[in-house]
Amino acid sequence: MRTRLFIAFTLLLCALPASADYLHELQAAARKAGLARTGEWLALGHWRPNLLRAGHTSLADAPAFFNAPGGKTDPQAELDATLAAFFVQGEETPTWQHPQCRFIARYSWLKERLHFEATRLPEKACTRFENWYAAIAPRQLTLVFPAAYMNNPSSMFGHTLLRVDTSEQSDGTRLFSYALNYAAETNDTNGMVFAVKGLLGGYPGYFTITPYYAKVKEYNDLENRDLWEYELAFTPAEIRRLLEHAWELGQVNFDYFFFDENCSYQLLALLDVARPGHHLAERFPAWAIPSDTVRAVLEEEGLLTRVQFRPALATRIRHQVTVLGDEHGALARTVAETPERSGEILQGMASVQAAQVLDLAYDYLQYRAADEDLPREYVAPRALALLRARSALPTAAAPVPRPPAVRPDQGHGTARVVLGTGARDGIGFTELRLRPAYHDLVDPQSGYSEGAQINFFDIAARWYPGENDHELRWFRFVDIVSLSPRDAFFQPLSWRFTAALERRAIASDELPFSISAGVGGAWQLRPRLLGFALAELDILAEDDLPDGYAVGAGPLLGLYATPTDRLTLLAGARARRYTGLWTHEAEAFLQAGYELRRDLAARVELTSTHLEDDQLFEGGVSLHWYF
Amino acid sequence: MKKIAFSALALALSTGTAMAQQNNVGCGLGSMVFDGQRGVAPQVLAATTNATFGNQTFGISSGTLGCTQDGVVSSTAKLSMFTGSNMDKLAADMSKGQGETLETLADLMGVEAADKATFFTATRDNFDKIFSSSDVTAEQVLGNLNDVLAADAKLSRYAA
């Protein structure tokens, strides 16, 4: 007994210096090979080059993500410390992971590059990771993009997540897979606090893995966003690497920034680990708009294998109404309200049609339940009655909407440069406009939600060669329009909101700060033609105004049309009476855009402004380049 | 403003016909989701809404929490969690005897391809039995389905 202990003790003593030797050997080899400077290592630690000084800083904000005290800013020290951690004694327990498992992507990569000798660096069993990996059973990666939701242009900024398709899943059972999702974690329910903190990175962002059906419910059914599923051709080794890295990120938080370090940016960082040399994340240093990141991913030749479209609940309802016609649509609404009368209402109808009416009634009831927050006592009995009636009818597939001809990733780029020329009040000008993001109503419509506009930081400068003068014409911080048609099934409000520094005739062409908003309705007058009417409020603040400010109010009537896929037309007339100035302004405008190529459009803009007795006319033509 | 949509989610779970009592199915969908933000003001204020409310049920490498292990659903809870989270769609699919949610359920129950058509038809023909009331729980739905399968000569081998 004593001898055995003695032997064990000597073994332990001997083991330590031997492993220390091997550690030094590995650290020296890693330095010699310059591993800490490779793209792979920098991607694994989420290090980015510093903007102003030399060196790197990691975006990860959790100290536990680093083995070295200064690991956040020192990739070399972190590599040394990571190698040292791999030699730590001990086996995995339910609450403790060995560093080889905790940092399993780093371990796999360093093992491959430095050819670890198992006799000198014993490999630990990572049971928790292997169980997790086996449960996910990855086969394929799919990038999922939820499109904008009805009447919510800000959702055009969108979201992306990554679905890990399992080897057990078939086309019919995609719900079954897992979704890797990166999101800010918050308990704030105040929209203003949320927006400001989100912009400033005030929330921690985490990666989670959720059954895909939960995400489908969230986006498709509750938020009414169509889902685009882009199946990607990553190799099994790349998928393994991505999941190993996701495992490392499980308990790590990043500061979540809405514009740059957001969901889409972090997914790119994850894909960069899967396929080193991609450097996708680097391409979005300032902001990462989800649809732009989708475009960047798909640029890689041969990466996209297939696209699937998953229409939202509201999209399915609209389509069923189109197929069934208004008359049966009206019946469906009645049946949804009073399912106990369905037998009498549907009497004499062909059973296939009756089935479709019941299907529509059920979907509409589901939509209303979420949209109007209807009480369960109202919804549940009606839903059950509808389905009971339905189960007595023969099976007939509900009509499924076809995907739009142009996918979101095929739409125009979201940044825009405009070069134009025109005349204002008879004085010629040349104009340059810059807009970092995103889409306005007259931009080419393909790939975008109809009737939704969201512009950020649109800036316009003009030169008047004849006058040898130049001016800032406007700086629109945010400019949102949402036109959603009202019909028997949906009654959304249409609205607009603009916050800007903008030259205005009513303010003697000075540059007041203005907040302008409107609310009203839109109606589908004919296919491809919307009419809208909004009540508008306009608040101006400028020192030269009589009281330093003015408030105007009045109606806006307009038409929005897309007669062909390339042509967009916006026309309208508004009148406003201003307090403070006790004057009024009337304006009529027409804008026509024509898509020349995917990323190039031409535009004509005409505006006529009446101010008391003055009339002011402005017209211009311009070229719009998207990238 | 941003409605915490737990109520909406619970409603969506329930509107199908039954409230998926989380305790009854053992594992509820612990994740809270964001509401659709349909109001005007919240949209202007919140440029993006990619946030989840504090919950680490699906945290990767987070250990064992409820019916998830390191974020993935434990194999014993897969069926009940899927059913509880998809009651409304499952009910709709069963009433038609077709659909993606029903197809996925069949896969989770190990129904072989050759028996799927029979399985689908059986759920439609026995819809009243499976969704016996508007207060039925996911556990009851699975129990009722089991009874239906047990009584069917061809499908009885899928009954527990």
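**Close-up views of a predicted model**

**View 1. A buried pair in chain A.** In this predicted model, D409(A) and R407(A) are both buried, and their side chains meet in a salt bridge with an N to O distance of 2.9 Å. The structure holds 62 salt bridges over all chains.

**View 2. A salt bridge between chains A and B.** The side chains of K217(A) and D88(B) meet in a salt bridge, 3.9 Å from N to O; the pair crosses between chains, from helix 8 of chain A, which holds K217(A), to helix 5 of chain B, which holds D88(B). Both K217(A) and D88(B) are buried.

**View 3. A salt bridge between distant parts of chain A.** D487(A) and R318(A) form a salt bridge in which the closest N and O atoms are 3.4 Å apart. The two residues are 169 residues apart, D487(A) lying in the loop between strand 14 (469-482) and strand 15 (494-502) and R318(A) in helix 12 of chain A. D487(A) is partly exposed, with a relative accessible area of 34%, and R318(A) is likewise partly exposed, at 28%.

**View 4. The second largest pocket.** This pocket has a volume of about 940 Å³, and of the 40 residues that line it, the closest to its centre are R316(A), K89(B), D93(B), G99(B) and E100(B). The elements that each supply at least two lining residues include helix 12 (313-324) of chain A and helix 5 (87-96) of chain B. The lining divides into 18 nonpolar, nine polar and 13 charged residues.

**View 5. Helix 9 of chain B.** The end C-alpha atoms of this helix (residues 138-150) are 18 Å apart, which agrees with the 18 Å that its 13 residues should span at 1.5 Å a residue. Among its buried residues are V141(B), L142(B), L145(B) and L149(B).

Notes
Residues are numbered from 1 along each chain as its sequence is written. Chains are lettered from A and ligands numbered from 1 in the order in which they are written. This is a predicted model: local features need pLDDT of at least 70, side-chain atom pairs count only at pLDDT 80 or more; totals for chains, interfaces and linings use all residues. Side-chain values use heavy atoms; hydrogens and water are left out. Helices (H or I, at least four residues) and strands (E, at least two) are DSSP runs, numbered from the N terminus. The expected span of a helix is 1.5 Å times one less than its number of residues. Buried means under 20% relative accessible area, exposed over 50%, partly exposed in between (1.4 Å probe, protein chains only). On a 1 Å grid over the protein atoms alone, a cavity is a set of points where a 1.4 Å probe fits but cannot get out, and a pocket is an open set with protein on both sides within 12 Å along at least five of seven lines; lining residues have an atom within 4 Å of a point. Grid points are joined across faces, edges and corners, and a volume is the space filled by probe spheres set on the points. Ala, Val, Leu, Ile, Met, Phe, Trp, Tyr, Cys and Pro count as nonpolar, Asp, Glu, Lys and Arg as charged, and the others, Gly among them, as polar. A salt bridge is a side-chain nitrogen of Lys or Arg within 4 Å of a carboxyl oxygen of Asp or Glu.
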